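Look at the structure first, then read the points below.

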Amino acid sequence: MFTPIRRLALRFPAFSCLLLGAVAACGFAPLSWWPLTLAGLAAWMALIHAAPTFRAALWRGWMFGVGHFTVNNNWFQHAFDFQDAMPPVFGYFAAVALALYLAVYPMTAAGIAWRFRGRAPDAAWTLLFGAAWIATEYLRAVLFTGYAWDPLAAIWLPVIGVARLTAFVGTYALSGLTVVASGALLLAARRRWAMPAIVAAGVALAALSALWTDAPPAPVDAPRIRVVQPNIGNEERGEQAGERSLAELIRLSGRPGRVPRLVVWPEGLIYDLLESGYPRGWYAGRPAEWVRARIARVLGPGDTLMTNAPTLSFDRRGEIVGVGNSVLAIDSTARITGRYDKAHLVPYGEYLPMPWLLKPLGLARLVPGGMDFTSGPGPRALAWPGVGPVGIQVCYEIIFSGEVVDEARRPRLLFNPSNDAWFGRWGPPQHLAQARLRAIEEGLPIVRATPTGISAIIAADGRLLATVPHETAGAIELPLPPAMPPTLFARAGNWLAAIVALALATLAIAIRRRAR
């Protein structure tokens, strides 16, 4: 049955790899057809092994990446619809250009695997391919400021028992093990025992799910979390819409109760300067104290509100030297009790790399404003008095495995304000999926607040406890989910990815030597 398809794929291998990359992308949210990812990877691995030369293997690996990342990051185009510095049509070219670069990483993994292939795909070669994938996916997350969006491990969230392996080995290691699983399917198909292998895989997945116990429920008298989503899109943004945004955020923030509350607002909706002490001309007629007093009216004595807001830095002469994408904590007396500055800024979004080259070409950053943002020092926690520290990760900072927690001060939970209105329909569920992986890895609950969705409260085991759907106005409020003890990953970080990659490579070498 598969022979004609195989012959066609071998006749047009590069085009087949392009299609297989697109098929493999269907395993991610919002489609979540994860068996297609395993099948697409298996067929691609077969074509890599069959490549006649190293150069052909690289070409096939790169074409797979182009198809994979073009489909996976199709939301990237949507970001260009909300700025006037460049034609929106640039977004389509930008999405493909990003894929052309990201394809280098699966190409590199394919090249490494091809170098160590045998006469036919075998267990050792599959293990080496998995090790190569771990290394290259990690490099994708760190080189040139990193782009860690949609690691392969994210396909397993519908089978959460498998996704929870990230608590023990981390995301990048689980991605490599996913490649090994696809290689096992390839070996099974070639030896005509595919159906028994699929049944065995199903039993293994069920067993993995049974090994993990869910995080305990929160006590009914626990402090409460309230997440606000006003459903205000980028087309309604700007200083002119600032009053409507503030009023809607306040309206959805509820009222104090008998227990302390943490009220969280999204990224990108506050245009007023909330910090006092700036030169008077920067406040545009709305003093910071007045705005904070309006916010504080929804807070009780034990409540804290955390919101994203712009902050400014000045030199001794009063000249502005920086703009921060910050989170401020405000108490019921309208006092600012803490500030976090986003550290991992988005290139081309919050700052323009190589402006000396790109500005003459007509390129600009996507976020409006005349100055690039300046970065903060890294993961920090803000105080929630009487409850514990709250770690902050702004927008896409949450996608970087092993980089979301202040190691010197483990937080009680993580708050991830984000402006997912930039991301079309595919981006928000993908962003949410990656936040769920961070919750599992760190054993910490995560709360996400976005202007248009998907806002969520995530348990420390990765389960979604409550959400506000995409493009829906509303708020959710629940008792604070308990944190779990620090996981193995929380203690060792991405050294575990290196250990797993080394173990796979060592086992592959041992199998090869024994076969000889």
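In this predicted model, strand 7 (residues 388–392) and strand 8 (residues 413–417) run parallel and are joined by three bridges.

- The open sheet is built from six strands in the order 6-7-8-9-10-11, with mixed pairing.
- Strand 6 (381–384) and strand 11 (464–468) are the edges; each has a single partner strand, so one side of each lacks a neighbour in the sheet.
- On average, neighbouring strands of this sheet are turned by 20° against each other, direction ignored.
- Helix 15 (residues 427–442) packs on the sheet and touches strand 9 (446–449), strand 10 (455–458) and strand 11. The direction of helix 15 makes about 160° with that of strand 9.

**The nonpolar cores**
- The largest nonpolar core has 64 residues, and Val-390, Ile-392 and Phe-415 are among those with the most contacts inside it.
- Beyond its neighbours within four places in sequence, Phe-415 is in contact with residues including Trp-265, Met-306, Val-327, Val-390, Ile-392 and Val-447.
- A second, separate core has 42 residues, including Ala-14, Met-45, Ala-51 and Ile-155.

- Arg-60 lies in helix 4 (residues 54–72).
- Not counting residues up to four places away in sequence, Arg-60 touches Pro-13, Cys-17, Trp-44, Leu-47, Ile-48, Ala-50, Ala-51 and Pro-52.

Key: Residues numbered from 1 in each chain as written. Predicted model: local features only at pLDDT ≥ 70, side-chain atom pairs only at ≥ 80, totals over all residues. Heavy atoms only, no water. Pairing = 2+ DSSP bridges. Helix = DSSP H or I, 4+ residues; strand = E, 2+ residues; numbered from the N terminus. Axes fitted to C-alpha atoms, helices over the stretch in contact; angles between N-to-C directions. Contact = heavy atoms within 4.5 Å. Core = buried A, V, L, I, M, F, W, Y, C linked by side-chain atoms within 4.5 Å. Buried < 20%, exposed > 50% of the residue type's maximum accessible area, 1.4 Å probe, protein only.
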